[in-house]
Structure formats: C-alpha cells, structure tokens
Amino acid sequence: MYLDPDVSHAVKILIVGHFGVGKTTCIGSLSEIEPLRTEEEITEASVGFDDLSGTPDKTTTTVAMDFGRLTLSDTLVLYLFGTPGQERFKEMWEELSRGALGALVLVDPERLHESFPVLDLVERFGLTYAIAVNHFEGTTHYPLDEVREALNLTDETPVVECDVRDENSSAQALITLVKHLMSQLG
Amino acid sequence: MPEGPGQDEELELTSPLVPLFVITNGRALPPDHEYEHTTLVTATGAENGQVAARTLSPEAGQVMDLVADGFLSVAEVAGHTHLPLGVVRILLAQLEEDSLILARTPIPRAERVDRELVSAVLEGLKNRFGA
C-alpha cells in the first residue's frame, strides 16, 4: 500500500473524457493499486424554489473522482486522475491541471460531439494531450483520420486506438502521450 | 410503512449528521498549493507527537493510523478514509502543525516539469509495460 520511502517525485497525468467514456476502466487497467475515489467539493450556481428574486445562488456539492497509481522507480510515482470533462467541474481542473504532465483524452467515436467540451477544458488549462479512441474488440474500427478531422485536431496531436479494458492497450496509449510530451519539450 | 429520507442510503463513516466543521474543528481550508492531490504525507513518529495523538478527533486519528507506516499521497488518504478531500486537507494541515506528520511536495519547488522528469516517466512506463 505504501510508497517507496525514497520516493521524491510524484507526477500526475489526467485521464479525461465525457461521462461513460471509460476513464475508470482505463485507470483500473493500469493502476497497481485498487483504484480509489475522492470526494471533491465544487460550488455550483443554483436557484432555490423559495428564491423569489431568481438570483443565482452558490451551493456546494461533491463529485467523485477515481484515480490510480503507478510506481515507476524508487524515487518516482505517477498518479492517474480520471477527470470529468464537463464545464461545471472546472474548479477541480484548476488544481489538477497545475503541475500535470499532460492529459490522455478518451474519445468514443460514436459520440464525438460530447468530446468538444472536454477538449475545450484541456486547451483552456494549457495541457498537452493525446487522443485515445476507445475501441472495443469485435466492433468495427473507426478511421482515425476521420476522428482527427471531426475533432479539428492539429497534425501533431497523436490519435491512437485503445481498448481501455486491456492493460497493454491502455499502457501503449499512455506511452504515446508521454512520447508526445517529450517531443513538445524539444 | 413510512421511511425517513436517506434511510436506505449506505452507511458511511462520516454521517451527514456530523457537520464537517465539527470534524475540522472549525478550521478553514489551507491555501490551494498546500496538500495537493499528489503531495506525499507520512507520520513523523515524533515523541511529542504521541502526547498530541491522544487528543485527536476520531477522523484525525484515522488519518494518523493510515500514514503511520509509510508515505501515501493526499488523494490516497482521502480515498482510504472516505473523507471528503477538503476535510482531509484541513486535518493534514492541523497534524503537520502539531508535528505529527510531514509532507513532501510532489515536485521539489526548485524544479520545473522538465525533459529529464518526463524522460524518467517514459523509461518507467516502458520498463513496466514494454514498448
């Protein structure tokens, strides 16, 4: 359960995507620990029934976030945070994006339009990212070029196919992202 | 048969009947950059700590038990204790003030996320999964 006592660096990569795209499954495939969940508090604008003025008020709600861990050496540990991609969670993004190496964006080719708000957040918070197109074995392959075009991605942005239920497939997608991060650092 | 609200909800360690400000002794959240998700914490095992430990709230005691034998991230402490992250951060700030725990920043401040670090991540992933 515990980290190596010599651990000196803890880095994070965000696994992002819309609801139901497979973030939790992906983290479960990769993590060395049973994935854990945090309850994060977020404030939301709301209008109460008894609020006659109709002025939006702020309420606090919690949102669950799953994460996993990968020990990479005696001194280095990587955390993977499954970050929901809706605009209303942008408070969480503020902290999570700080110091994050980058983001792996999970995309469902049948629901591409749901990935636009996710990409918005990733770009707004200045995260370098790669796209992993979720592909379940036995379903038809979706042309990656079409995904690139539909999502209006730059030529440099890596787009890979990934079965998030499979450890190796998820790992290769993650490695693709980290190689891309290296190339961006020049 | 009438059922009260929330009767069928799963019992959690922190009952909603105990307001969070009671658990945290009315303390406010530490600044954003303190006790981030990936900040690493462990018990100091300090002598004076044992005296202070006797007066801890049950939740703070639970956090202490969890980090007694090694380092865990703040996120893991929240995950294992099922306490909201904000509460965990406040408890950790209090415990560090009492010298019961020590915290290690995720990336030492002097360093930026640089090529060397990303390279080490890539090597680690390749060693682990092959590439």
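Which residues of α4(B) are buried? In this predicted model, they are Val74(B), Ala75(B), Glu76(B), Val77(B), Ala78(B) and Gly79(B).

## Confidence of the model

For the complex, the predictor reports an ipTM of 0.90 and a pTM of 0.87. Chain A has a mean pLDDT of 89, with 91% of its residues at 70 or more. Within chain A, confidence is highest in β5(A), at 97, and lowest in β2(A), at a mean of 80. A stretch with pLDDT under 50 covers residues 47-55 of chain A, and the model has five contacts for this stretch beyond four places in sequence.

Chain B has an average pLDDT of 80, and 72% of the residues score at least 70. Its residues 1-15 have a pLDDT below 50, and this stretch makes four contacts in the model beyond near neighbours in sequence.

## Architecture of chain B

Chain B contains six helices and three strands, arranged along the sequence in the pattern α-β-α-α-β-α-α-β-α. The chain has 131 residues, of which 30% count as buried. Among contacts in chain B with a separation of 6 or more, 77% come from residues 24 or more positions apart.

Helix α4 of chain B, residues 74-81, is mostly covered, with six of its eight residues buried. Just after α4(B), His82(B) adopts a positive phi of about 60°.

## Packing of α3(B) against α5(B)

Helix α3 (residues 58-66) and helix α5 (residues 85-97) of chain B pack at an angle of about 75°, and their axes lie 10 Å apart. Angles of 65 to 115 degrees count as roughly perpendicular, and α3(B) and α5(B) are therefore roughly perpendicular to each other.

On the α3(B) side, the contact is formed by Glu59(B), Ala60(B), Val63(B) and Met64(B), while α5(B) contributes Val88(B), Leu91(B), Leu92(B), Gln94(B) and Leu95(B). By class, the residues of this contact comprise seven nonpolar, one polar and one charged.

Val41(B) belongs to strand β1 (residues 40-43) of chain B. Val41(B) has 22 other C-beta atoms within 10 Å and is therefore buried, the cut-off being 20 or more.

Leaving aside neighbours within four places in sequence, Val41(B) contacts Val67(B), Phe71(B), Leu72(B), Val74(B), Val77(B), Leu92(B), Ile101(B) and Ala103(B). The C-alpha atoms of Val41(B) and Leu95(B) are separated by 10 Å, although the two residues are 54 residues apart along the chain.

## The largest nonpolar core

The largest nonpolar core has 78 residues, and those touching the most other members are Ala103(A), Leu104(A), Val105(A), Ala132(A), Val88(B) and Leu92(B). Helix α5(B) supplies the largest share of this core, eight residues.

Ala103(A) touches Ile13(A), Leu14(A), Val16(A), Val122(A), Leu127(A) and Tyr129(A), when residues up to four places away in sequence are not counted.

## The loop residue Ala100(A)

Ala100(A) lies in the loop between α2 and β5 (102-107) of chain A.

With neighbours within four places in sequence set aside, the contacts of Ala100(A) are Lys12(A), Ile13(A), Leu14(A) and Leu127(A). Ile13(A), Leu14(A) and Leu127(A) are also touched by Ala103(A).

## The side of chain A that touches chain B

Between the two chains, 37 residues of chain A are in contact with 35 residues of chain B. On the side of chain A that touches chain B, the elements giving two or more residues are β1 (9-17), β2 (36-46), β3 (57-71), β4 (76-84), α2 (90-97) and α5 (167-185).

Helix α5(A) gives the most to this side, with nine residues. The residues on this side of chain A divide into 23 nonpolar, seven polar and seven charged.

Technical notes: Residues are numbered from 1 along each chain as its sequence is written. Chains are lettered from A and ligands numbered from 1 in the order in which they are written. This is a predicted model: local features need pLDDT of at least 70, side-chain atom pairs count only at pLDDT 80 or more; totals for chains, interfaces and linings use all residues. Axes are lines fitted to C-alpha atoms, for helices over the stretch in contact, and angles run from 0 to 180 degrees between N-to-C directions. Helices (H or I, at least four residues) and strands (E, at least two) are DSSP runs, numbered from the N terminus. Angles under 35 degrees count as roughly parallel, over 145 as roughly antiparallel, 65 to 115 as roughly perpendicular and the rest as oblique. Two residues are in contact if their C-beta atoms, placed from the backbone, lie within 7 Å. Ala, Val, Leu, Ile, Met, Phe, Trp, Tyr, Cys and Pro count as nonpolar, Asp, Glu, Lys and Arg as charged, and the others, Gly among them, as polar. A residue is buried if 20 or more other C-beta atoms lie within 10 Å of its own, exposed if 12 or fewer, and partly exposed in between; C-beta atoms are placed from the backbone. A nonpolar core is a set of buried Ala, Val, Leu, Ile, Met, Phe, Trp, Tyr and Cys residues joined through C-beta atoms within 7 Å. pLDDT is the predictor's confidence in each residue, from 0 to 100.
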